[in-house]
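Below is a briefing on one protein chain, grouped by topic. Please look over the sequence and the structure before reading on.

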Amino acid sequence: MFRNNYDNDSVTFSPQGRIFQVEYALEAIKQGSAAVGLVSKTHAVLVALKRNAEELGSYQKKIIGIDAHLGVALAGLAPDARVLSNFMRQQSMSSRLLYNRPVPINRVVNAIADKAQVNTQHYGRRPYGVGLLVAGVDETGPHLWEFQPSGMVLEYRGAAIGARSQSARTYLERNYEGFEDSSREELVLHGLRALRDSLAQDKELTTANVSLAIVGKDEKFKLYDGEEVAEWLEKLGSTQSSRGSRGTAAPAAPAPGGEGSSSAATAGDSMDVDA
């Protein structure tokens, strides 16, 4: 992805006003497995697709609990997410010690945004190569925020990040009007359907590769992993991608020398970015 001599550090603008190191960090997010977040009047839900580096290895953690009212889903470099989640835990503990209350969601999100922005303005540092979906509940209700390595944070009704997340975003855009009044169960199923649409055509959702978390006004943040996800997959029904039935072009017969294009199409899925 080498472009020119303007991408050697994160403090040099190109003549077009671009900071290439930040753009490369955004590309790292696109290589990570997908994560989806949704919010209603009463609940916020995170759903994520886990990836294992090899058959003998365990699946990587994709959702991290921060506090009883707050958690994050990640796509990109997991070590960077670990650093940011530890910082968020410190902010949350400070709020409880100093003010005896849970930290407001927008405050902790803006704190990590400020921390990330500093890395784009000081020579010798690099942007965080991870995107986060931050879901939580505070005095003003449930919230869902997306964090980007540039230091930008935006609040959403529904959001998706990671590999093939555009398919998940398309589902969310078609159905977002119903999220606000959805029940807890309906919101989770919407998230699983969106995640299912981000799958490669030969993959399916299983108890091994799916994590989900729920937090609500009267419900503490709870992470569901492994067999705890089974009941939700049963309610979902079909766990295989339905993208092919929505008009996705069938793979053409391989032309001579055409193997390169096939490997390029799957390169993002083979990269162990969420490690």
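Helices (H or I, at least four residues) and strands (E, at least two) are DSSP runs, numbered from the N terminus. The model is predicted: local features need pLDDT of at least 70, side-chain atom pairs count only at pLDDT 80 or more, and totals for chains, interfaces and linings use all residues. Residues are numbered from 1 along each chain as its sequence is written, and side-chain values use heavy atoms, with hydrogens and water left out.

**Overall make-up**

- The protein chain has 8 helices and 10 strands.
- Of its 275 residues, 48% count as buried; buried means under 20% relative accessible area, exposed means over 50%, and partly exposed lies in between (1.4 Å probe, protein chains only).
- Among contacts in the protein chain with a separation of 6 or more, 66% come from residues 24 or more positions apart, where contact means heavy atoms within 4.5 Å.

**Nonpolar cores**

- A nonpolar core is a set of buried Ala, Val, Leu, Ile, Met, Phe, Trp, Tyr and Cys residues joined through side-chain atoms within 4.5 Å.
- The largest such core holds 27 residues, and Val36, Leu172, Leu192, Leu205 and Leu212 have the most contacts inside it.
- At least two residues of this core come from each of strand 1 (35–39), strand 2 (43–49), helix 4 (165–175), helix 5 (184–197), strand 9 (210–216) and helix 6 (230–236).
- Helix 5 gives the most to this core, 6 residues.
- Leaving aside neighbours within four places in sequence, Leu192 is in contact with Val47, Leu205, Val210, Trp232, Leu233 and Leu236.
- A second, separate core has 25 residues, including Leu74, Met88, Ile112 and Val153.

**Aromatic rings and charges**

- A search of the whole structure finds 1 aromatic pair; rings of Phe, Tyr and Trp (its six-membered ring) pair if their centres lie within 6.5 Å, and planes under 30 degrees apart count as stacked, over 60 as edge-to-face and the rest as tilted.
- Tyr224 and Trp232 form an edge-to-face pair, 6.5 Å centre to centre with 80 degrees between the planes.
- Both Tyr224 and Trp232 are buried.
- Lys222 lies over the face of Tyr224, at 5.1 Å from the ring centre; a charge sits over a ring if NZ of Lys or CZ of Arg is within 6 Å of the ring centre and within 35 degrees of the ring normal.
- Lys235 has its charged end over the ring of Trp232, 4.6 Å from the centre of that ring.

**Second largest pocket**

- On a 1 Å grid over the protein atoms alone, a pocket is an open set of points with protein on both sides within 12 Å along at least five of seven lines, where a 1.4 Å probe fits; lining residues have an atom within 4 Å of a point.
- The second largest pocket has about 410 Å³ of space, a volume being the space filled by probe spheres set on the points, which are joined across faces, edges and corners.
- This pocket is lined by 24 residues, of which Glu146, Ala160, Ile161, Ser165 and Arg169 are the closest to its centre.
- Helix 1 (20–31), strand 6 (141–147), strand 8 (158–161) and helix 4 each supply at least two lining residues.
- Helix 4 gives the most to this lining, with 5 residues.

**Buried residues and their contacts**

- Ala73, in strand 4 (residues 70–76), is buried with a relative accessible area of 0%.
- The C-alpha atoms of Ala73 and Lys62 are separated by 5.7 Å, and the two residues are 11 apart along the chain.
- Asp80 belongs to helix 2 (residues 78–99) and counts as buried at 8% relative accessibility.
- Ser14 lies in the segment before helix 1 and is buried, with a relative accessible area of 5%.

**Positive phi in loops**

- Asn100, although not a glycine, has a positive phi of about 55 degrees.
- Asn100 is found in the loop between helix 2 and helix 3 (105–118) and counts as exposed at 70% relative accessibility.
- Arg164, not a glycine either, has a positive phi of about 55 degrees.
- Arg164 lies in the loop between strand 8 and helix 4 and is partly exposed, with a relative accessible area of 28%.
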